[in-house]
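Let's take a friendly walk through a protein model. Keep the sequence and the 3D view open as you read.

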Amino acid sequence: MAPAVARIAPAAPVAPAAPAPSPTPVPEPLAVKRVLDIGPIKFGDYAWDTKGIPDGPVVITVDLAAQVLSVFRGGYEIGAAAILYGTDDKPTPLGTFPITMKDARHVSSIYGAPMPYTLRLTDDGVSVHGTEVAWGYATHGCIGVPTAFARLLFAEAKLGDRVIITRGKTLATGQAIL
């Protein structure tokens, strides 16, 4: 009797290995590269200087204690303004907020007040917008900036850009913004 022979089926063709994915680049933290040399800002004042500044991501910082809003493009401060902010009864929230709406001719549906060059931050209406910025004035939680500055900011900012609101946190050259 002939010995039994096991037959082995030919192996299925092996697909070539997929190339290893390229590592996802880790973005460098956005750091302060320049702060405008403007000194203290008084109510109603602002500074804006984009000359020689390259394109880059826009981040807006607000320090409620200093009552100043700063605009950074690619880490370079391009604008700063004195601000109004919310009262104790209607405080301005702290945190990081994306710009979710832009409306150059917005009017408050609650107060009927014009809010030119609105950049909406929260679902309940907290926004950065133009207004008269003067001693003794306040907002209902919004961040009010001089209207001429608001126009410049409105043109620079895009939906999704971040606004970081703090109380007493300042940034220096070389320090990470995000």
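This is a predicted model: local features need pLDDT of at least 70, side-chain atom pairs count only at pLDDT 80 or more; totals for chains, interfaces and linings use all residues.

## Ground rules

Two residues are in contact, or touch, when they have heavy atoms within 4.5 Å of each other.

Residues are numbered from 1 along each chain as its sequence is written, and side-chain values use heavy atoms, with hydrogens and water left out.

## The overall layout

The protein chain has one helix and ten strands. Helices (H or I, at least four residues) and strands (E, at least two) are DSSP runs, numbered from the N terminus. Read from the N terminus on, the order is β-β-β-β-β-β-β-β-β-α-β.

Of the 178 residues in the protein chain, 37% count as buried. Buried means under 20% relative accessible area, exposed means over 50%, and partly exposed is in between (1.4 Å probe, protein chains only). Among contacts between residues at least 6 apart in sequence, 62% join residues at least 24 apart.

Which residues of helix H1 are buried? In H1, which covers residues 147–156, they are Phe149, Ala150, Leu153, Phe154 and Glu156. These residues lie on the same side of H1, because they cover an arc of only 160° around the axis. The arc is taken from the directions that run from the helix axis to the C-beta atoms.

In soluble globular proteins, nonpolar side chains tend to be buried together. A nonpolar core here is a set of buried Ala, Val, Leu, Ile, Met, Phe, Trp, Tyr and Cys residues joined through side-chain atoms within 4.5 Å. The largest one has 25 residues, of which Ile60, Leu69, Ile143 and Leu153 touch the most other members. Two or more residues come from each of strands S2 (58–63), S3 (68–73), S4 (76–82), S7, S9 (143–146) and S10 (162–166), and from H1. The largest share, four residues, is given by H1.

Apart from this core lies another, of six residues, among them Val59, Phe72, Ile164 and Ile177. Val59 sits in strand S2 and is buried, at 1% relative accessibility. Val59 and Ile177 are 118 residues apart in sequence, and their C-alpha atoms are 8.0 Å apart in space.

Val71 belongs to strand S3, and its relative accessibility of 0% makes it buried. Among the residues that Val71 touches beyond four places in sequence are Trp48, Ile60, Phe149 and Leu153. Val71 and Leu153 are 82 residues apart along the chain, with 7.8 Å between their C-alpha atoms.

## The largest pocket

Rolling a probe the size of a water molecule over the atoms shows where empty space is left. On a 1 Å grid over the protein atoms alone, a pocket is an open set of points where a 1.4 Å probe fits, with protein on both sides within 12 Å along at least five of seven lines; lining residues have an atom within 4 Å of a point. The largest pocket has a volume of about 510 Å³, which is the space filled by probe spheres set on the points, with points joined across faces, edges and corners.

Of its 25 lining residues, Ser108, Tyr111, Met115, His140 and Cys142 are the closest to the centre. Strands S7 (114–120) and S8 (127–131) are the elements that give two or more residues to the lining. By class, the lining has eleven nonpolar, ten polar and four charged residues. Here Ala, Val, Leu, Ile, Met, Phe, Trp, Tyr, Cys and Pro count as nonpolar, Asp, Glu, Lys and Arg as charged, and the others, Gly among them, as polar.

## A backbone detail

Gln67 is not a glycine, yet it has a positive phi of about 60°. Gln67 is in the loop between S2 and S3 and is partly exposed, at 24% relative accessibility. Tyr117, which lies in strand S7, also has a positive phi, near 60°.
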